Amino acid sequence: MQHQSLDLASYIAALPPTIKFDVFSSPWTTQALFRALSPLSKQYILRLLYVDDGVYQDSMRLWVVPGAESQHRNAVNQLEVLSVLAPGSRPGTVVLHPAFKACLRSALSGRGLGLDVLSKQLMLSAASMQHIMSQASKRWQGVLMYLLDCDDQLAYVDGAGLSIQALLRSAGLVSGQGRRHELTAQGFRYLLKGTNEQVWVLLREYIKTAEQTSGSELASSLSFLLQLSFRRVAQPYP
C-alpha cells in the first residue's frame, strides 16, 4: 500500500457539507486552506471577505482581464467545490461560507489564535529545544522498538489518550492484540522508510480515525495538526 501525501484542499472538498461547517469553524484550518488555494482564488476570497450581501457572478467576471476567463472559471470552480463559495440570498449572487468567512476574518485580525504576549515567567519555564528534541526522539524510538517487538519500550509509546498501538494496527503495520503482536510485511517496509514519511503515515491514520469517529472530532484533530504548522518548536503559547 502506497501512502500518498494529503492535499488539504482536495481532502476538505470531499467532506460532507455538515462536517465542512465544523472544519471551517477553526481559524487554523481556514488559514491553512486559504494558504493552499490558487493565487486567483485567494484574491476572490479577500474581495468577498467583508461583503455580506454577496456579489453578482456577472460582476465577478469583470475582475479578470480579457483572455483570463479560463483562470476565472478554475478559481470559481475550486471555491465552489470546497463550499467556500456558496449561492447568496439574491438570485445570481455568491457569498463566502459563513463559518469560513467569520474564522478567516478573526484569523487575519489576530483574534482567537493564542498569539497574546507571553509573561516572562512562562517564557522562563518553557522547555528547552534540547529537552523537547530528546523527548521526541525517545518517544519515537519507543514506537520503532515496539514494532520490533521490544516490550520494554511500551511505556514510551502511548500518552495523553492517544494509542499509538491502535494506530499501528489500523495502519496495517502490526497484527495481533496488546503485547502479542507481529510485524506485517507492510510494517517491515514501513521501517525502511525515512522518519518524515513514517510520521506522515501515522498522521494520515490519525486523521482517518478521527474522520470515522465524528465530524467534530475530525475538525478538532485537523485544527490541532494544522495549528502546529503555524507554531515554532520550543516557543510556548497560552
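Which helices do the buried residues of α3 pack against? They pack against α1 (8-13), α2, α4, α7 and α13, where buried means under 20% relative accessible area, exposed over 50% and partly exposed in between (1.4 Å probe, protein chains only). Welcome to a short tour of this predicted model, in which local features need pLDDT of at least 70 and side-chain atom pairs count only at pLDDT 80 or more, while totals for chains, interfaces and linings use all residues. Residues are numbered from 1 along each chain as its sequence is written, and side-chain values use heavy atoms, with hydrogens and water left out.

**Overall make-up**

- The chain holds 13 helices and five strands; these are DSSP runs numbered from the N terminus, with helices being H or I of at least four residues and strands E of at least two.
- Of the 238 residues in the chain, 37% are buried.
- Taking contacts between residues at least 6 apart in sequence, 62% join residues at least 24 apart; a contact means heavy atoms within 4.5 Å.

- Helix α3 is largely enclosed by the rest of the structure, because eight of its ten residues are buried.
- The buried residues of α3 are P27, W28, T29, T30, Q31, A32, L33 and F34.
- One of the packing partners of α3 is α4, and in α4 (residues 39-48) the residues S41, Y44, I45 and L48 are buried.
- Those buried residues of α4 fall within an arc of 100° when seen down the axis, so they line one face of the helix; the arc is that of the directions from the helix axis to the C-beta atoms.

**Nonpolar cores**

- A nonpolar core is a set of buried Ala, Val, Leu, Ile, Met, Phe, Trp, Tyr and Cys residues joined through side-chain atoms within 4.5 Å.
- The largest such core has 38 residues, and I12, V23, F24, L33, I45, V84 and L218 have the most contacts inside it.
- Helix α13 (residues 215-228) gives the most to this core, with five residues.
- Leaving aside residues up to four places away in sequence, I45 touches F34, L37, L79, V84, L96, F100 and L104.
- A second, separate core has 14 residues, including L147, L167, V174 and V201.
- As general background, nonpolar side chains tend to be buried together in soluble globular proteins.

**The three-stranded sheet**

- An open sheet of three strands runs in the order β1-β3-β2 with antiparallel pairing; two strands pair if DSSP finds at least two bridges between them.
- The edge strands are β1 and β2, each pairing on one side only.
- Strand β1 (residues 55-56) joins β3 through two bridges, and V55 has V94 as its bridge partner in β3.
- Strand β2 (residues 85-87) pairs with β3 over three bridges, and L85 has L96 as its bridge partner in β3.
- β2 and β3 form a hairpin with five residues between them, and G92 in the turn has a positive phi of about 85°.
- From β3 (residues 93-96), T93 and V95 point one way and V94 and L96 the other way, and all are buried.

**Rings and charges**

- The whole structure contains three aromatic pairs; rings of Phe, Tyr and Trp (its six-membered ring) pair if their centres lie within 6.5 Å, with planes under 30 degrees apart counted as stacked, over 60 as edge-to-face and the rest as tilted.
- F24 and F100 make an edge-to-face pair, because their ring centres are 5.4 Å apart and their planes are at 75°.
- F24 lies in the loop between α2 (17-23) and α3 (27-36) and F100 in helix α7 (residues 98-109), so the pair ties together parts that are 76 residues apart in sequence.
- Both F24 and F100 are buried.
- R35 lies over the face of F230, at 4.4 Å from the ring centre; a charge sits over a ring if NZ of Lys or CZ of Arg is within 6 Å of the ring centre and within 35 degrees of the ring normal.
- The charged end of R47 sits over the ring of W63, 4.9 Å from its centre.

**A loop residue to look at**

- S83 lies in the loop between α6 (69-81) and β2.
- Although S83 is not a glycine, it has a positive phi of about 70°.
- For context, most residues other than glycine have a negative phi.
- S83 is partly exposed, with a relative accessible area of 23%.
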